[in-house]
Amino acid sequence: MSGPDPYRRASPGEQPEYVSPAYASTVKRSPAKPLIVVPQSLSEMTGPVFGHERVNPGDADLTRQLAGEPIGERIIVAGRVLDGDGKPVRKSLVELWQANAAGRYQHKNDHHDAPLDPHFTGAGRTITDEQGHYRFITVRPGAYPWRNHPNAWRPAHIHLSLFGHAFMTRLVTQMYFPGDPLLALDPIYNSVPDERARQRMIANFDLGLTVPDYALGFRFDIVLRGRHATPMEA
């Protein structure tokens, strides 16, 4: 009896379209010809693990990476990485990057007229445990303008990258916050056609994750494939 298919794909509409006209840059960068599905061989699935050996215990706490403490509302972002059958994905490298509390990235190409925080790198990493759990301490990012259309603002969000057992198994998604009025106006969030799938990109406030008198908690489980897969960037 054969086991579950590890490469099954999400249903139509549950992942971002390659071309989403409201998201202007997809028009130029999307494939001009039909995609060719390349079979995944054993070498793609069991190649060298990328980056795991460089993860330090303090990398997951973005509030204590530098000498001073960053400005902003401290939050805890935690959850589980799961496969399509709801089983934990162990020892997966999870990387995070985000804007600071003022809505600016620590990057030379970010020219937003908002202050940089000298005590905030905006990047962290961790490894999932035996039950697929990951956990970050960071600050809540701010919204920021972008040039997609007139008066365009990106809602507060956190980027998450996941590596499996080889470089070819990288997936990237974005986590949003509940109740954000900018979500309805954001072409990137709305590039996922299915409304229920879009909701999988929104974290849940979780009082159980909150550390009293220190930081609020948000739970964001990431499902890698199947009918309940978290939308990933194409």
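These legends accompany close-up views of one predicted model.

Local features need pLDDT of at least 70, side-chain atom pairs count only at pLDDT 80 or more, and totals for chains, interfaces and linings use all residues. Residues are numbered from 1 along each chain as its sequence is written, and side-chain values use heavy atoms, with hydrogens and water left out.

**View 1. The protein chain holds 3 helices and 11 strands.** Both kinds of element are DSSP runs numbered from the N terminus: helices are H or I with at least four residues, strands are E with at least two. Read from the N terminus, the order is α-α-β-β-β-β-β-β-β-β-α-β-β-β. The chain has 234 residues, and 45% of them count as buried. Buried means under 20% relative accessible area, exposed means over 50%, and partly exposed lies in between (1.4 Å probe, protein chains only). A contact means heavy atoms within 4.5 Å. Of the contacts with a separation of 6 or more, 69% come from residues 24 or more positions apart.

**View 2. Four strands form an open sheet in the order 3-2-7-8.** The pairing is antiparallel. Strand 3 (123–127) and strand 8 (171–176) stand at the edges with a single partner strand each, so one side of each has no neighbour in the sheet. Neighbouring strands are turned by 20° against each other on average, direction ignored. For such angles, axes are lines fitted to C-alpha atoms, for helices over the stretch in contact; angles run from 0 to 180 degrees between N-to-C directions. Strands of a sheet pair through backbone hydrogen bonds.

**View 3. Strand 2 pairs with strand 3.** Two strands count as paired if DSSP finds at least two bridges between them. Strand 2 (residues 93–98) and strand 3 share 5 bridges in the antiparallel sense. Leu96 stands opposite Gly124 of strand 3. Side chains alternate along strand 3. Gly124 and Thr126 point to one face and are buried.

**View 4. Tyr105 sits in the loop between strand 2 and strand 3.** Tyr105 is buried, with a relative accessible area of 15%. Leaving aside residues up to four places away in sequence, Tyr105 touches Trp97, Gln98, Ala99, Asp110, Leu116, Tyr144, His157 and His159. The side chains of Tyr105 and His159 make a polar contact of 3.1 Å. Such a contact is a pair of N or O atoms within 3.5 Å; within protein, one must be able to donate a hydrogen and the other to accept it, and residues adjacent in sequence count only if both atoms are side-chain atoms. Phe120 lies 15 residues from Tyr105 along the chain, with 9.4 Å between their C-alpha atoms.

**View 5. Asp180 is buried without a salt bridge.** A salt bridge needs a side-chain nitrogen of Lys or Arg within 4 Å of a carboxyl oxygen of Asp or Glu. Arg140, the nearest side chain of opposite charge, is 5.9 Å away. Lys and Arg count as positive, Asp and Glu as negative; His and the chain ends are not counted. Asp180 lies in the loop between strand 8 and helix 3 (195–199). Its side chain reaches the backbone nitrogen of Ala156 at 3.4 Å.

**View 6. Lys91 and Asp213 have positive phi values.** Most residues other than glycine have a negative phi. Phi of Lys91 is near 55°. Lys91 is in the loop between strand 1 (74–82) and strand 2. Phi of Asp213 is near 65°. Asp213 is exposed, with a relative accessible area of 82%.
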